[in-house]
Amino acid sequence: QELTGGVTTDFPFPCAPGVSGAQNSAEGTEDVQNGPQCSGLCPSGKMCPGATSEPLPCNAGGYCAGSNPGATPCPERTFSNATGLSSADQCTDCPEGSACRAGSVEPIGCKPGTSAFARAAVCTRCAAGRFQDGSGATACFACTPGSYCGEGASAAVPCPSGRYENNTMRQLGISMTSADDCI
């Protein structure tokens, strides 16, 4: 039967996102797509963004469990720089001293003034009275005697000239958090 009038769509139809296209052409052209020849759901570890004759490897930072038009991001606290993952279990745990947001390709090392244990989504700022002067740390240090440390401090700051630490505060385990604590 011949189609007439009003047909503006090019044939064959492209396969839907998440569905892999079959390549049936004897010439091996890469643009053979149509509804009846779609070969089925996209396989795991691959993604089919739409009009896909050959499934693509799943992007780094994510995984493709099957029938995916695109990668599902690796969960927070994990990362992946590999392609073709088929499960969230294949994402790598974020290492100590780093943070990994959802879909991370690489862990992000904690900056001075912050720290993180393993499997962290974000680096935590050092509490007031503590500091961290290094990168990629897992803990913050108590402020040094004669100094004060504000929240997120990357170094202990000595009391201003002519002022000193209140020893009573230190004996009680109270850290100095600002220059106002120096007497």
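Predicted model: local features only at pLDDT ≥ 70, side-chain atom pairs only at ≥ 80, totals over all residues.
Where in the chain is the place of Arg77? Arg77 sits in the loop between β6 and β7, the latter covering residues 78–79, where strands are DSSP runs of E with at least two residues and helices are DSSP runs of H or I with at least four, both numbered from the N terminus. Residues are numbered from 1 along each chain as its sequence is written, and side-chain values use heavy atoms, with hydrogens and water left out.

To stay with Arg77 for a moment, its phi is near 75°, a positive value in a residue other than glycine, and Arg77 is partly exposed, at a relative accessible area of 36%. On that scale, buried means under 20% relative accessible area, exposed means over 50%, and partly exposed lies in between, with a 1.4 Å probe and protein chains only. Ser67 also has a positive phi in a residue other than glycine, near 60°; Ser67 lies in the loop between β5 (62–63) and β6 (72–73), and counts as partly exposed at 34% relative accessibility.

Let me now turn to the chain as a whole. It contains one helix and 16 strands, and of its 183 residues, 31% are buried. If we take the contacts with a separation of 6 or more, 31% of them are between residues 24 or more positions apart, a contact being heavy atoms within 4.5 Å.

Next come the disulfides, of which there are eight, by the rule that a pair of cysteine sulfur atoms lies within 2.5 Å. As a reminder, a disulfide is a covalent bond between the sulfur atoms of two cysteines.

I will take three of them in turn, beginning with the one that joins Cys58 to Cys64, at 2.2 Å from S to S. This link is right-handed, with 80° about the S-S bond, and Cys58 is buried at 0% relative accessible area, as is Cys64 at 0%.

Another disulfide joins Cys126 to Cys140, with 2.0 Å from S to S, and is left-handed, with -80° about the S-S bond. This pair links distant parts of the chain, 14 residues apart, with Cys126 in the loop between β12 (124–125) and β13 (130–131) and Cys140 in the loop between β13 and β14 (141–142). Cys126 is buried at 1%, and Cys140 counts as buried at 12%.

Leaving aside residues up to four places away in sequence, Tyr148 touches several residues, including Pro158, Met176 and Cys182.

Finally, Thr114 is found in strand β11, residues 114–115, and is buried, with a relative accessible area of 13%.
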